[in-house]
Amino acid sequence: MVVLDMVYAGWFGLFGIFPGTKDWGWVLKHQIDATLFAIPLVLPYVWRLLPGPGLIKGIVYGVLWHIFVIVVSFVGSLGDALWFQKPMQMNAQISTFVLHIVWGGLTGFLYNPPEKEV
């Protein structure tokens with residue numbers, strides 16, 4: 001997500017919404033988050049529940065994850081949480097949606113579940 005956001009920054013007025021490599025602490029935190037937030041996708045129950053091969057499962061998960069982020073942002077803004085006080089502009093919403101699809105799709109594509117569950 002970080003690399004895609006940096007490469008396409010400004011493309012059609014989208015992307016470039018994250019600090020990228022200007023803030024390596026943020027990059028590290030985001031990599032840890034991306035790994036932790038992928039754990040539900042690879043749980044056997046969730047993996048079997050999602051349709052299609054790994055890439056499609058990941059894309060569906062990315063869409064669901066983006067919906068979850070929107071809901072959490074909305075609820076946080078209702079409670080005046082500092083993180084959510086500034087609403088996301090439409091170009092940022094579109095950018096993060098595309099980035100979550102890429103993140104989910106790539107995660108689903110790269111995940112190789114065990115052949116036989118114990």
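Predicted model: local features only at pLDDT ≥ 70, side-chain atom pairs only at ≥ 80, totals over all residues.
Trainee: Which helices each supply at least two residues of the lining of the second largest pocket, and how does the lining divide into nonpolar, polar and charged residues?

Mentor: A residue counts as lining when it has an atom within 4 Å of a pocket point. Here, helix H1 (2-7), H2 and helix H5 (90-110) each supply at least two residues of that lining, which divides into nine nonpolar residues, four polar ones and no charged ones. The space in this second largest pocket comes to about 260 Å³.

Trainee: How many salt bridges does the structure hold, and which residue forms one with Asp-33?

Mentor: To call a salt bridge, look for a side-chain nitrogen of Lys or Arg within 4 Å of a carboxyl oxygen of Asp or Glu. The structure holds one, formed by Lys-29 with Asp-33, whose closest N and O atoms are 2.7 Å apart. Because the two residues are four apart in helix H2, Lys-29 and Asp-33 are separated by about one helical turn. Lys-29 is partly exposed, with a relative accessible area of 37%.

Trainee: How far apart in sequence and in space are Ile-59 and Val-102?

Mentor: Sequence separation and spatial separation have to be read side by side. Ile-59 and Val-102 are 43 residues apart in sequence, whereas their C-alpha atoms are 7.1 Å apart in space. Ile-59 has its place in helix H4 (residues 54-78) and counts as partly exposed, at 29% relative accessibility.

Trainee: What does the secondary structure of the chain come to, and what share of its residues count as buried?

Mentor: The chain has five helices and zero strands, so that from the N terminus on its elements run α-α-α-α-α. Of its 118 residues, 27% count as buried, a class that requires under 20% relative accessible area. The C-alpha atoms fill a box of roughly 45 × 35 × 25 Å along the principal axes.

Key
Residues numbered from 1 in each chain as written. Heavy atoms only, no water. 1 Å grid on protein atoms, 1.4 Å probe; cavity = no way out; pocket = protein on both sides within 12 Å on 5 of 7 lines; lining within 4 Å. Points joined across faces, edges and corners; volume = space filled by probe spheres on them. Nonpolar A, V, L, I, M, F, W, Y, C, P; charged D, E, K, R; others polar. Buried < 20%, exposed > 50% of the residue type's maximum accessible area, 1.4 Å probe, protein only.
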